[in-house]
Amino acid sequence: MFARRSLLAAPMLALPFGARDAHALDPRPSVASFSILADFLREIGGPLLAIESIVGPEADAHAFQPAPSDAQKLARARFVVLNGLGFEGWMPRLIRASGFRGREIVASRGVATITSKGHSHGHGHSHGHDEADPHIWQDPRRAITMVRNIADGLAAADREAAEAYRMGAQRYIAELQALDTWVEQQFASIPRARRRVVTSHDAFAYFGARYGIDFLSPQGISTRSEPSAQQIARLVQQLRRERIGAIFIEAGASPRVLEQVAAESGARIGGKLFSDALSVPDGPAPTYLAMIRHNTRMIVEALAG
Amino acid sequence: MLLDPLFGPFLEFAFMRRALVGCLALSLAAPPLGVFLVLRRLSLIGDALGHAILPGVALGATLGGLSLAAMSVGGIAAGLVIVLLAGLAARGTGLREDASLAGFYLVALALGVAIVSAGGTGVDLMDLLFGAVLGVDDGALLFMASVATLTLVALAVMWRPLVAETFDPGFLRHAGGGGAAWHLLFLALVVLNLVAAFHALGTLMAVGLMMLPATGARFWSGTVGGQVAAAVVTAMAASVAGLLVSFHADVPSGPAIVLAAGVLWAGGLLAGPQGSLLRRWISRPHLAA
Amino acid sequence: MSRAAAAITLANVTVAYDRHPAVHHVSGRFGPGSLTAIVGPNGAGKTSLVRAITGAARVEEGRIDRGGISTSDIAYLPQQAALDRSFPITCRDVVMMGHWRRVGLFRRIGGGLRNAVREALEAVGLGGFGDRPIASLSAGQFQRLLFARMLLEDCPVVVLDEPFTAIDAKTMADLLGVVSRWHSEGRTVIAVLHDHELVRAHFPETLLLAREAIAWGRTEAVLTPANALRARRMAEAWAEHPGACARAA
């Protein structure tokens, strides 16, 4: 992937710069708050940027505790990209503490938001009622806006490479549009009434809104190690009553307990969904595109069966 | 209806019915073994065995993949080897049985940890093997029911020598009754039941239902047979009560059942017909002879 | 009586613990149907000798000839058995254990056996105690119970190790009656005892042991002051660091 992008970008870079001094082509140190934004940066800036992510793959940005090394990353950086909307509550203080003097780019600027339902995530934090749900990247169309914001921000602060950023963003946006169409097609075969799933993580509101899928919270079950019979009964009742097709639950209840729930309610147990972070490089969701495709496949498989 | 809170949960939900069947199977086979364990002063063996089977589980996982069958077989094999070695060591030397078991189980646990670390799967094997009462599936139920049946039949057959060997091992050994063999066979049954119960219902429930009703049985009866019956009934009552409390009062089920067994245990201690506190405090007229 | 009485012959028997001889080159014979007491000072090896006879201890050197019967045909009451007297078992079930050699694992317990148990309990003075838990018995009653079990064992040889320690006189008298019943039935009876008066009164033969056999034969010939002196001298001579035995094979 990188090689391909460098090959595309290199001749374009050569155009505006020609025989300019090599410094102009040094990778700009950049920091993304979490892995998905880091992926956007890679797609937009390619070899122009030396990108570091503060919250890495498969890590939880909600409950993240920054370390001194993160402050050092910021101190060196020329740009920092964050999501905003309260997703990285720890970021403002980290930026101040690091002495960062570069350009702060907020990816969610101007993105239409959905009001959060106000459920707790069980990580030790919760969205309050009537606040905006920050997980906007789950909708590829909104992701396109985020990519534009990032490219504009980079271009404004780094005029030498502005053209390259804009072209990188354009190319990537085309891919995102293709992705959006593909996801829509995947769900087309499933009747709207069947598109109801339960997930333990409240992160898919935007995905659900875009493609007409109801994401519901599991009633009763928490991330406690052993559930009570009452919790299981409530969950089974909910799944039956709401005619839920699939259930995606990560931590907490043991897998065998979930199998009992599934057997009794007729819902299927789905695979792992990635919401707030990409997977590790050899996992199923190492890039944003792969993540959306993977989640789509998981949900479609579970609902179709 | 008054009976709705009692029967409703079981009528309405299959997972409740399964959990109940699993608990009842365990309640039939484990408490009798527990009574003998108490009489032989091996009450803590359940915990020790829970750790001692780790190397077997790890080897089973290494050789047979993360299949529950392979891990169960490995766990059973490890448990049997350890009780056998511990028993032989105790009989062959002056080492006491509980000290012998302690030695072997600690070595086994350390070995297990080493094997798991070397394998580097990073997966908590015991978490995979140990179940939860609300997650009992058909395979685990079948395993439990088979083991329970085998145990009851075996106990019926070896009842006489088991009681004799527990009470006076020297006599049976001398009279040609093969004392050590019965003891090892008994411990093999304990291992089998524990592994089956760990797999179906988890460690807390397995050891809890095996030992709690057994330790309290002495307050209900003065004969071994009576204590076994009392322990079985207590375990069954605790299972039903615990599941209902878990359902109506939102308490995790494993702990609810064991706590129910604890309440019954305390009840026996306070007011049971044999040697309870109440009996000691309230005096009745003595008999003529 | 189910079998013919057996003689027990000792040929140069040595029983050792950690190479120290507890019983040292003892030879002699317990005749068939004999009633013999084994006496001697503390540490004389009396318990070791009876353990060797019953097969519980290994014979280091020499041989024990049991006249064709096996060790499991010997009824053995060890010294102060460390039994759990609070074990939840009834008197009847304890006595019933005596029938193990005949009933074993599967044979049904029929009316005949129940009668035998009842008779045995009555013979030891515990008539009617069948259903009582053993926890309710005194020390003397418990010893009677163990004798009742031995009655059921119905063996040609009976070995008792200090059977009358710490029990009351009445119990002792009753149990001596059981011993004499065994003797009249022609069984070979061997008992380790401390009380020389009791031995003189009830035991026709005696083996005076001080690791070695000091004297063995009719009681009045064995329990003499001269023999007692020899036994005491033998006991005092047990050295701290002995060399290898010159008589060892």
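**View 1. Helices α10 and α11 of chain B cross in this predicted model.** Helix α10(B) covers residues 179-201, and helix α11(B) covers residues 203-216. Their axes come within 7 Å. The crossing angle is roughly 135°, which makes α10(B) oblique to α11(B). The crossing is right-handed.

**View 2. Residues where α10(B) meets α11(B).** From α10(B) come B:Leu194, B:Ala197, B:Phe198 and B:Leu201. They meet B:Thr203, B:Met205 and B:Ala206 of α11(B). By class, this contact has 6 nonpolar residues and 1 polar residue.

**View 3. C:Gly62 in strand β4 of chain C.** The strand spans residues 61-65. C:Gly62 is partly exposed, because 17 other C-beta atoms lie within 10 Å, and a residue counts as buried at 20 or more and as exposed at 12 or fewer. Leaving aside neighbours within four places in sequence, C:Gly62 contacts C:Ala11, C:Asn12, C:Val13 and C:Thr14. C:Leu10 lies 52 residues away from C:Gly62 along the chain. The C-alpha atoms of C:Gly62 and C:Leu10 are 7.7 Å apart.

**View 4. The contact between chain B and chain C.** Chain B gives 19 residues to this contact, and chain C gives 17. On the chain B side, the elements giving two or more residues are α8 (138-167), α9 (169-174) and α12 (224-249). Helix α8(B) supplies the largest share, 5 residues. By class, the chain B side divides into 9 nonpolar, 7 polar and 3 charged residues.

Methods:
Residues are numbered from 1 along each chain as its sequence is written. Chains are lettered from A and ligands numbered from 1 in the order in which they are written. This is a predicted model: local features need pLDDT of at least 70, side-chain atom pairs count only at pLDDT 80 or more; totals for chains, interfaces and linings use all residues. Axes are lines fitted to C-alpha atoms, for helices over the stretch in contact, and angles run from 0 to 180 degrees between N-to-C directions. Helices (H or I, at least four residues) and strands (E, at least two) are DSSP runs, numbered from the N terminus. Angles under 35 degrees count as roughly parallel, over 145 as roughly antiparallel, 65 to 115 as roughly perpendicular and the rest as oblique. A crossing is left-handed if the near helix is turned anticlockwise from the far one by less than a right angle, and right-handed if clockwise. Two residues are in contact if their C-beta atoms, placed from the backbone, lie within 7 Å. Ala, Val, Leu, Ile, Met, Phe, Trp, Tyr, Cys and Pro count as nonpolar, Asp, Glu, Lys and Arg as charged, and the others, Gly among them, as polar.
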